[in-house]
Amino acid sequence: PENYYGGFGDVGLVSLSRFLPTLTRIQELSIRWNPQSGDGLCEVTQAISSLSSLSHLQLNLPRSVDAFMVDYEGINDGTMKSMCAMLHSLITLSHLDLDLSWNKKITDSGVIDLSHGLSQLTHLISFYINLKGCKGVSDVGVSHVMDTIQSFQHLSRLR
């Protein structure tokens with residue numbers, strides 16, 4: 001299988017979003033985003049949506065604790081909607097790892113949107129989500145995710 005790994009800033013994500021659709025046989029994708037402004041994530045999630053052979057997806061999108069930028073937008077509820085749309089397209093996905101830690105603009109609303117995207121992933125075997133430090137996420141948002149994945153018949157690994 002084709003595999004691809006990259007640690008990208010915002011400009012790199014925009015470039016990656018143009019490159020990804022050419023990888024028609026890619027099965028595993030791991031991206032570590034090193035944000036400067038938050039640009040590029042919506043473009044790359046749209047590009048990932050076109051990867052019909054993708055079975056393993058790892059998105060490391062943490063907001064670094066030591067990177068306090070005043071104008072930082074990063075991951076927010078709007079980008080969570082974009083991720084939801086991406087997940088709707090990846091119905092054959094079997095492994096999903098999401099590190100969203102320390103993104104202070106994610107709220108319960110965004111996590112609930114994400115859970116709607118997760119509901120399409122009926123072949124999911126392994127699921128990991130990290131919401132550490134996401135102060136806008138409460139038990140309400142986490143409960144929606146748990147309720148969604150509880151119905152997965154094939155899920156054998158939850159972290």
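I counted the secondary structure first: five helices and six strands make up the chain. Helices here are DSSP runs of H or I with at least four residues, strands are E runs of at least two, and both are numbered from the N terminus. I then read the order from the N terminus, which is β-α-β-α-β-α-β-α-β-α-β.

I noted that this is a predicted model, where local features need pLDDT of at least 70, side-chain atom pairs count only at pLDDT 80 or more, and totals for chains, interfaces and linings use all residues. Residues are numbered from 1 along each chain as its sequence is written, and side-chain values use heavy atoms, with hydrogens and water left out.

Next I looked up helix H4 (residues 108-118) and helix H5 (residues 139-149). Their axes come within 8 Å and cross at roughly 5 degrees. H4 and H5 are therefore roughly parallel (an angle under 35 degrees). By class, their contact (heavy atoms within 4.5 Å) has seven nonpolar, four polar and one charged residues. On the H4 side I found Val111 and Ile112, among others; on the H5 side, Val142 and Val145 are included.

Then I searched for salt bridges (a side-chain nitrogen of Lys or Arg within 4 Å of a carboxyl oxygen of Asp or Glu). I got one. Lys81 and Asp113 form it, at 3.2 Å from N to O. Lys81 lies in helix H3 (residues 77-89) and Asp113 in H4, so the pair ties together parts 32 residues apart in sequence.

I checked accessibility last. Asp113 is buried (under 20%) at 13%. Of the chain's 159 residues, 49% count as buried.

Terms used. Axes fitted to C-alpha atoms, helices over the stretch in contact; angles between N-to-C directions. Parallel < 35°, antiparallel > 145°, perpendicular 65-115°, else oblique. Nonpolar A, V, L, I, M, F, W, Y, C, P; charged D, E, K, R; others polar. Buried < 20%, exposed > 50% of the residue type's maximum accessible area, 1.4 Å probe, protein only.
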